[in-house]
Amino acid sequence: MKYFNFLTLLFIGLFASCTKVENASVQSPNGHINIAFKINAEGEATYQVFYKDELIIKPSSLGFEFEEQQPLNGKFEIISISGSTFNETWKMRWGEQFEVENSYNKLVVKLQEKNDKKRKVNLVFKASDDGIGFRYEFPEQRNLKDVLIAEENTEFNLTEDYTVWWIPGDWDIYEHLYNTTKFSEIDAKSKANHANLAQTSIPNNAVNTPVTMRGKSGLHLSFHEAALVDYSGMTLGVDTENLKMKSILVGSDNTSYKVKKTVPFKTPWRTIQIAEKATDLIDSKLILNLNEPNRLGDLSWFKPTKYTGIWWEMHLGKSTWDMASGKHGATTENAKRFIDFSAKHNIGAVLIEGWNTGWEHWIGFEDREGVFDFVTPYSDYDLNEVVAYGKQKGVNIIMHHETSAATETYTKQQDTAFALMESLGIHTVKTGYVGKILPKGEYHHGQYMVNHYNNTVEKAAKYKVAINAHEPIKATGLRRTFPNTISREGLRGQEFNAWASDGGNPPEHLPIVAFTRMLAGPIDYTPGIFNIQFNEYKKENQVNTTLAHQLALYVVIYSPVQMVADLIEHYQGNPAFQFIEDVAVDWQKTEVLNGEVGEYVTIARKDRNSENWFVGGITDENKRTVELDFSFLSPNTTYEAILYKDGENAHYKTNPTSIKIEKLTITNTTKLNVKLAEGGGFAISLKPNTK
Ligand code: NOJ
Ligand code: CA
C-alpha cells in the first residue's frame, strides 16, 4: 500500500492561510465520486458526496448520543488527515465470480473535541468506483472507555425526491413485500406489508437496508452496511419533508441503550452504492470488499450444491414437521426417496426438516426454551441409516436446526449438535429463528442477536459446518471473512406463496429483490416450483410466476446452495427439469445483461467448473421482449443452446406452466429476442460444441 499524500497536501495548501484545517476530501480511483469532509460552523463533523461534480449527498452530520455521558457530535477539531490508495484482486472460494477487484482511495480524519474531555473519534472514508463506505473508529483514549450508545447519528441528506424500493425498518424480520414510492411518501408503519406474521416490530418511520433508489437522471443509490460485528443492525429513519435519512439502530426492550462497546472499537461501514445503471448495482462488490479477507483458511469441506428437501410438502400441508399428526414428513423412507431422486438428477444434497423431536411444541409457546435438542430424531427417522444411504448414493444430508428463536438453549446445545454433524460427515446446516426471541425483549436485529448469529458461524467453522440461516440478521459481506456463512433467507421467500393470506409474492418481487436484498449477499430463496397452482393442496394460493421464471431464478438469484424446492413427483416426466439438472451453482464470472429495478433483469453466468454458460431472465407482471446480445461468449466458439421460454399464451395467473423448449446454435455474434409473458421469464443453457 503506498501513501496517497497529494490530497492531504492539497488541503494543507488550500487552508494554509487558516489556522486550522477543517476540510478534507477523497475521490474514487476513476475520479467520478468525491467525498468531502468538513467541520461546519457549529463544530459538527459532516460529509457530502458528489458524483461527476453533482452533489448527491448534501452536508450530513456524523455523531453519537451516549448514555451516562455527553453526546459526541460537535465542537470537533481535526487533529490529523491522511490518505492512502489500495488495489488488490482477491479470489472468491466460491461465488458469483472467481476474481474480485478491490480498488479504493482512503481518507482518515482524526477528530478530537475542543472541550476539556478531548474525546476522540476517527472517521475513515473509502471511495471506490462503485460507491463509498465510511465508519467510525474509536481509538484508545483517556476519557472514553465503556460506552453505551443510545443512538448513532449518521445522516444521509438527499438532494431530490427519489423513487425508492423499500421495506419497513422492522427490528425483527425482513420478510416484507417491497414498496415502490417516492421518498416523500415513505410510510413504513401503515404500508408495512407483513402478511401472516403475528408480531411486528416497526417502531419508526424507518426502512431496512439495502434500500435502493433511482433519481431523475437515472442515477441509482443503494444504502446498506458492511461488516456488521458486535453492533446493532442499522435501520434508516426517514424525514419525508426534508428528504433526509438518519441511522436508527435496533434496540432491545431490556436496555435503554442500543449498543454496548468498550473502546477501542470500530463501527460497521455505512455504505452507498452509486451506479448510473441499475445493472451496475448487481456488479458492485463494495459490500464484500469492505470486509476482511478469509480467516478460516482451508474450506475444501464445503462444495456449492443444489439440494432437494423434505420441506415444500410441509408448507403445502401434504405432511407435517411433527410426528403426532400422523402425517410426518421426515421419515426414513421419504428421505431415501429424496436421496434416490437427487442421485439420479445431479443434485448433491437433501435437506430434511422435522427430523428431530420437539415440533409439537415449537411455535407460539412461551415455554419453548429447550424443546429442541438437535440430536434426538423422531422414532420413524433413522438418522444414521439415512446419512449412510446418502453416502452410498453420493448425496449429502443438509441438517436442520430450527431454534424457534430460543437462543440460549441453542447456544448451549451447539457443541453437541455440531459434533454430531461432524461425526456424520454433514457439513451444512439450515438454521431457523421463527418467533419472538428468547430471552424476551431482544430483537432479531439487535446487538445481542448480531453476536449470536456471528458466534454461531464461528463456532460452526470449528466443526467444519457451513450455515444457511433463516430469519437471519442481514448479510453484510461477512462471507468474505467467514466463508462458511454460505447463504441466508432475510426476505419473503418462496414459502409465502404456499400460505400467505395476501396471495403470496407478486411477480415484481424478485425483479426488486435482485436490486435490493441481493446486493447484500446470497439468498436461499428456494426456487424451482413446477406445480405452480397446486390446487390439490391449496386452492387459495399459487406461485405468482410462470414455470420459465422459476427456472431463470437458478441464474438470477445467487446462492452457493440452491434448492430444487418442489415435491419430487412434480418434476417427474417434465422436460423443463433438464435445465435444473444442467444448471451450475458456482460461477467463474457474471454478466448482468439488462434490467430495471422492479421491472425485469437478465443475468448470464459462466460455470466455474466447465465452459458452459447459463442465462436467466425474469419480468414483473408485464409481458415484454428482451433483446439478448451474446457478445460475452468466447469468440470462435459455437454453443449448443437450449432455450426454455414462456409458451405463446403463458401468463402467471391463467396459464403459468406453459413452456416452450427450443434448441439453438449460438455464437458471440448472435442477437436474440425473447418474449416473456406476464410474470414470466426464460432460461438458457449454453455448451460449447466441441465436435
Ligand atoms: C421458516 C423457514 O424460512 C422455513 O424455510 C422453514 O421451513 C420453517 N421456518 C421451519 O423451520
Ligand atoms: Ca422464513
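Is D280 buried, partly exposed or exposed? With a relative accessible area of 29%, D280 is partly exposed, where buried means under 20% relative accessible area, exposed over 50%, and partly exposed in between (1.4 Å probe, protein chains only). The structure is a predicted model, in which local features need pLDDT of at least 70 and side-chain atom pairs count only at pLDDT 80 or more, while totals for chains, interfaces and linings use all residues. Residues are numbered from 1 along each chain as its sequence is written, chains are lettered from A and ligands numbered from 1 in the order in which they are written, and side-chain values use heavy atoms, with hydrogens and water left out.

D280 takes part in a salt bridge with K277, at 3.8 Å from N to O. A salt bridge is defined here as a side-chain nitrogen of Lys or Arg within 4 Å of a carboxyl oxygen of Asp or Glu. K277 is also partly exposed, its relative accessible area being 48%.

In total, 29 salt bridges are present in the structure. One of them joins E276 to K52, with the closest N and O atoms 2.7 Å apart. Because E276 is located in the loop between β22 (269–275) and α2 (278–283), and K52 in the loop between β4 (45–51) and β5 (54–62), this pair ties together parts that are 224 residues apart in sequence. Helices (H or I, at least four residues) and strands (E, at least two) are DSSP runs, numbered from the N terminus. E276 counts as partly exposed at 40% relative accessibility, and K52 counts as partly exposed at 41%.

A further salt bridge is formed by K606 and E611, whose closest N and O atoms are 3.6 Å apart. K606 is buried, at 10% relative accessibility, whereas E611 is partly exposed, at 44%. Elsewhere, E152, E225, R270 and K474 are joined into one network by salt bridges that share partners.

Distant parts of the chain are linked by E175, in the loop between β13 (163–166) and β14 (179–182), and E489, in the loop between β28 (485–488) and α9 (495–499), 314 residues apart. Both E175 and E489 are buried.
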